[in-house]
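Student: Could we go through this fold together? I would like to begin with the overall layout and then turn to the details.

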Amino acid sequence: MNDRNRKIILIAVLLGLPLASFLLVFKPQRASIERAKGEISAKRAELERLREETAKNEDLERANVAIERRVDRIEERLPNRRELDDVVRRVSTLAVAAGLNPPEVKTRRTLAAADYREQPLEFTTSGNFEEFAGFLLQLEALPRLTRITDFELKRERDDGRDLSITFTLSVYFQESGAVASAEG
């Protein structure tokens with residue numbers, strides 16, 4: 001080979017080597033790096049979404065704990081069946097202490113609900129309006145869950161000082177242990 005052909009081959013090799021390196025090594029490597037960057041971006045976005053979901057789960061867990069505490073506080077206010085008589089005695093004592101006549105109490109049929117029962121009690125008493133208002137304020141301060149329904153006030157005298165008062169007080173309670181069937 002002559003000197004000129006050698007120089008052409010050398011120049012071709014010198015120019016072809018970087019071009020071949022670019023085409024065979026650097027270009028595929030760059031594509032691989034771009035794919036990896038895309039995967040990293042997608043995984044970072046997924047990680048951020050999972051962090052947000054985890055934060056929501058923690059918020060939900062805190063909310064569930066708070067709800068459980070509130071339910072426990074409400075359930076603490078529900079007497080069990082054995083304590084129901086004590087609640088009736090306490091309401092009668094409050095009525096007498098407020099100045100009302102001792103009430104007559106009639107028990108109605110127990111109503112069943114999810115995890116509790118409702119015992120409607122019909123109270124009949126008499127007194128003046130101020131005494132009854134005081135009784136209602138004391139009744140409202142009781143630690144037990146109660147509700148007044150079927151409320152009726154009647155004048156016994158024309159001057160309006162004496163009233164006949166009939167109302168139904170529903171006392172909510174829990175069965176001891178398992179939930180029992182409603183009684184008649």
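Predicted model: local features only at pLDDT ≥ 70, side-chain atom pairs only at ≥ 80, totals over all residues.

Student: How many helices and strands are in the protein chain?

Tutor: The protein chain has three helices and five strands.

Student: And what percentage of the residues count as buried?

Tutor: Of the 184 residues of the protein chain, 22% count as buried. As for contacts with a separation of 6 or more, 65% of them in the protein chain come from residues 24 or more positions apart.

Student: Let us turn to the strands. Is strand E3 mostly covered or uncovered?

Tutor: Strand E3, residues 117-127, is mostly covered, with 10 of its 11 residues buried.

Student: Which way does E3 run relative to E5, and how many bridges join them?

Tutor: E3 and strand E5 (residues 163-173) run antiparallel and are joined by 11 bridges. One of the bridge pairs is Gly127 with Leu163 in E5.

Student: What about E1 and E3?

Tutor: Strand E1, residues 104-107, pairs with E3 in the antiparallel sense over four bridges. Thr107 has Leu121 in E3 as its bridge partner.

Student: And how many bridges join E2 to E3?

Tutor: Two bridges join strand E2 (residues 111-112) to E3, and these strands run antiparallel. Here Leu111 stands opposite Glu118 in E3.

Student: What is Val91 in contact with, leaving aside its neighbours within four places in sequence?

Tutor: With those neighbours left aside, Val91 is in contact with Phe123, Phe135, Leu139, Leu142 and Leu169.

Student: How many aromatic pairs are found in the whole structure?

Tutor: A search of the whole structure finds five aromatic pairs. One of them is Phe123 with Phe167, which is stacked because the ring centres are 5.4 Å apart and the planes are at 5°.

Student: Where do Phe123 and Phe167 lie?

Tutor: Phe123 lies in strand E3 and Phe167 in strand E5, so the pair ties together parts that are 44 residues apart in sequence.

Student: Are Phe123 and Phe167 buried or exposed?

Tutor: Phe123 counts as buried, at 1% relative accessibility. Phe167 is also buried, with a relative accessible area of 1%.

Student: What about the rings of Phe132 and Phe135?

Tutor: Their centres are 6.0 Å apart and their planes are at 35°, so the pair of Phe132 and Phe135 is tilted. Both residues lie in helix H3, three residues apart, about one turn of the helix. Phe132 counts as buried at 1% relative accessibility, and so does Phe135 at 1%.

Student: Which residues do ring pairs link into a cluster?

Tutor: The cluster consists of Phe123, Phe132, Phe135, Phe151 and Phe167, linked by ring pairs.

Student: Back to H3: what span should its 12 residues have, and what is the distance between its end C-alpha atoms?

Tutor: At 1.5 Å a residue, the 12 residues of H3 should span 16 Å, and the end C-alpha atoms are 16 Å apart, which agrees. Within H3, Phe132, Phe135 and Leu139 are buried. Seen down the axis of H3, the buried residues fall within an arc of 55°, so they line one face of the helix.

Student: What do the buried residues of H3 pack against, and which exposed residues does the face turned away from them carry?

Tutor: The buried residues pack against H2, strand E4 (146-155) and E5. The face of H3 turned away from its buried side carries the exposed residues Glu130, Leu137 and Glu140.

How values were computed:
Residues numbered from 1 in each chain as written. Heavy atoms only, no water. Buried < 20%, exposed > 50% of the residue type's maximum accessible area, 1.4 Å probe, protein only. Pairing = 2+ DSSP bridges. Contact = heavy atoms within 4.5 Å. Phe/Tyr/Trp six-rings, centres within 6.5 Å; stacked < 30°, edge-to-face > 60°. Expected span 1.5 Å × (residues − 1). Arc of directions from axis to C-beta.
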